Amino acid sequence: MRAAADATPLRVGDGRISGLLGVFLGALSVLAVLCFHFPEWLTTPELRAAYPVGLLRWVLLAGMLLAAGFGALSLLLSPSKRLGFAGIALALTAEWLGGAHVEVDAFDSPVVSFGFDWLVLALLANSLVFVFIERVWPLRPDQPTLRRAWRLDLAYYAFNHVTVGVVLLTTTFFSETLFGWAVHDGLQALVRSQPVPLQILEVLVVADLTQYAGHRLMHENPWLWRFHAVHHCPEEMDWLAGSRMHFAEVLFVRSLVVTPIYLMGFAEAAVNAYVVWVGIQSVLIHSNTRLRFGWLEQLFVSPHFHHWHHAADAEAIDRNYAANLALLDRLFGTCVSPRERWPERYGVVGKPLPQGFFGQLLYPFMERRRAR
Ligand SMILES: [Zn+2]
Ligand SMILES: [Zn+2]
């Protein structure tokens with residue numbers, strides 16, 4: 001019965017949208033309070049230093065109040081009280097744990113910490129912006145926000161955000177320990193002497209060239225493809241689908257991209273601008289949106305361009321590798337971009353991958369064993 005009820009599309013007025021919003025905001029509030037309690041373990045050192053803590057406490061308070069409010073609304077509207085009670089219970093739990101008033105004492109940072117702060121803030125911002133875009137300018141209006149496999153992609157989203165500390169440690173080891181010998185002070189001084197906007201453009205070119213090479217390698221090398229196939233297995237595209245990525249791929253690609261940026265010694269402001277750009281761009285290009293960007297699509301990767309990268313249509317196999325600069329695929333002859341048409345279907349051609357998170361995590365290794 002529950003499965004049948006869950007499968008019915010969400011409708012305004014039946015209490016499930018408010019119920020889900022209550023649970024979503026309540027869960028994020030509990031996580032946020034835990035971040036205030038255990039900042040040394042649950043927050044990211046690189047972000048922590050820049051936080052406007054007073055403002056974040058107000059956001060947390062608003063989140064808790066909204067969770068309780070949506071929960072109450074759901075109780076009024078919905079015949080099933082499950083979601084309404086859960087939202088209110090989560091808001092009360094956040095308040096019981098100290099709410100927006102938890103004091104933060106001075107602490108020493110451990111070697112590695114988890115990015116629960118990054119998960120809460122990114123999920124809040126991404127869901128607000130991209131669900132709005134997908135509802136106002138949808139590519140496939142019949143595809144619901146909570147489509148098939150959304151739970152799996154949310155698990156990927158959470159895992160790949162929470163482990164940001166491990167990713168940063170790995171990329172730092174790869175770039176600074178393995179390639180530290182290649183640092184040239186004269187080159188770095190020259191790079192940093194340029195205006196920041198020019199440096200931002202250069203970071204984009206350098207990072208995207210490396211990303212293009214790494215991405216193409218993962219498509220053309222059968223062993224690496226087993227890892228990258230995980231990113232290609234969603235059969236529906238939306239803002240959350242792009243987070244489906246094998247953890248080994250995250251480590252591999254980030255390490256590759258960070259190394260030339262580190263060696264060239266770009267100014268921090270230029271690197272930060274690139275990180276913000278990529279954070280937004282990588283979610284936008286997977287979104288279920290028909291938004292087009294005119295002549296800019298000749299230069300930059302758009303949702304239309306990257307949807308074709310995920311297409312299972314024959315003309316699209318091993319095409320459109322670039323993450324930001326579509327120009328690279330045009331330059332290297334790997335571009336497919338039918339002007340008005342969108343792909344018929346998405347996903348991996350041939351044998352399907354396992355459906356679950358752990359099955360997909362083990363998939364590249366199991367496939368190898370079977371091949372032997
Ligand atoms: Zn790919
Ligand atoms: Zn993608």
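Mentor: Domain bounds here come from an automatic or database domain assignment. The protein is divided into domain 1 (9–113) and domain 2 (164–371).

Trainee: Before we go on, what kind of model is this?

Mentor: This is a predicted model, where local features need pLDDT of at least 70 and side-chain atom pairs count only at pLDDT 80 or more, while totals for chains, interfaces and linings use all residues. Residues are numbered from 1 along each chain as its sequence is written, chains are lettered from A and ligands numbered from 1 in the order in which they are written, and side-chain values use heavy atoms, with hydrogens and water left out.

Trainee: Thanks! Where do the C-alpha centres of domain 1 and domain 2 lie?

Mentor: They lie 31 Å apart. The contact (heavy atoms within 4.5 Å) takes 5 residues from domain 1 and 5 residues from domain 2.

Trainee: And the largest nonpolar core, which residues touch the most other members?

Mentor: That core has 22 residues, and L60, L123, F130, Y157 and W239 touch the most other members. A nonpolar core means a set of buried Ala, Val, Leu, Ile, Met, Phe, Trp, Tyr and Cys residues joined through side-chain atoms within 4.5 Å. Buried is under 20% relative accessible area, exposed is over 50%, and partly exposed is in between, using a 1.4 Å probe and protein chains only.

Trainee: Which helix gives the most to this core?

Mentor: Helix 7 does, with 6 residues. Helices here are DSSP runs (H or I, at least four residues), numbered from the N terminus. Domain 1 (9–113) and domain 2 (164–371) both give residues to this core, so it lies between them.

Trainee: What is Y157 in contact with, leaving aside its neighbours within four places in sequence?

Mentor: Y157 is in contact with L119, A122, L123, N126, W239, L240 and S243. There is also a second, separate core of 21 residues, which includes V253, A270, Y321 and A322.

Trainee: Switching to metals: what coordinates the zinc ion (ligand 1)?

Mentor: H215, H219, H228, H232 and H309, each through NE2, at 2.0 to 2.2 Å. Donors are N, O and S atoms within 2.8 Å of the metal (3.2 Å for Na, K and Ca), and water is not among the atoms, so sites may look incomplete. H215 and H219 both lie in helix 11 (residues 196–220), 4 residues apart, about one turn of the helix.

Trainee: Are H215 and H219 buried or exposed?

Mentor: Both H215 and H219 are buried.

Trainee: What about the zinc ion (ligand 2), which residues coordinate that one?

Mentor: H231, H286, H306 and H310 do, again through NE2, at 2.0 to 2.1 Å. H231 in helix 12 (residues 222–232) and H310 in the loop between helix 15 (303–309) and helix 16 (326–332) are 79 residues apart, linking distant parts of the chain. H231 and H310 are both buried.

Trainee: Last topic, rings! How many aromatic pairs are there?

Mentor: The count comes to 12. Rings of Phe, Tyr and Trp (its six-membered ring) pair if their centres lie within 6.5 Å; planes under 30 degrees apart are stacked, over 60 edge-to-face and the rest tilted. F132 and W137 form an edge-to-face pair, 6.3 Å centre to centre with 85° between the planes. Ring pairs also link Y156, F159, F247, F357 and F358 into a cluster.

Key
Helix = DSSP H or I, 4+ residues; strand = E, 2+ residues; numbered from the N terminus.
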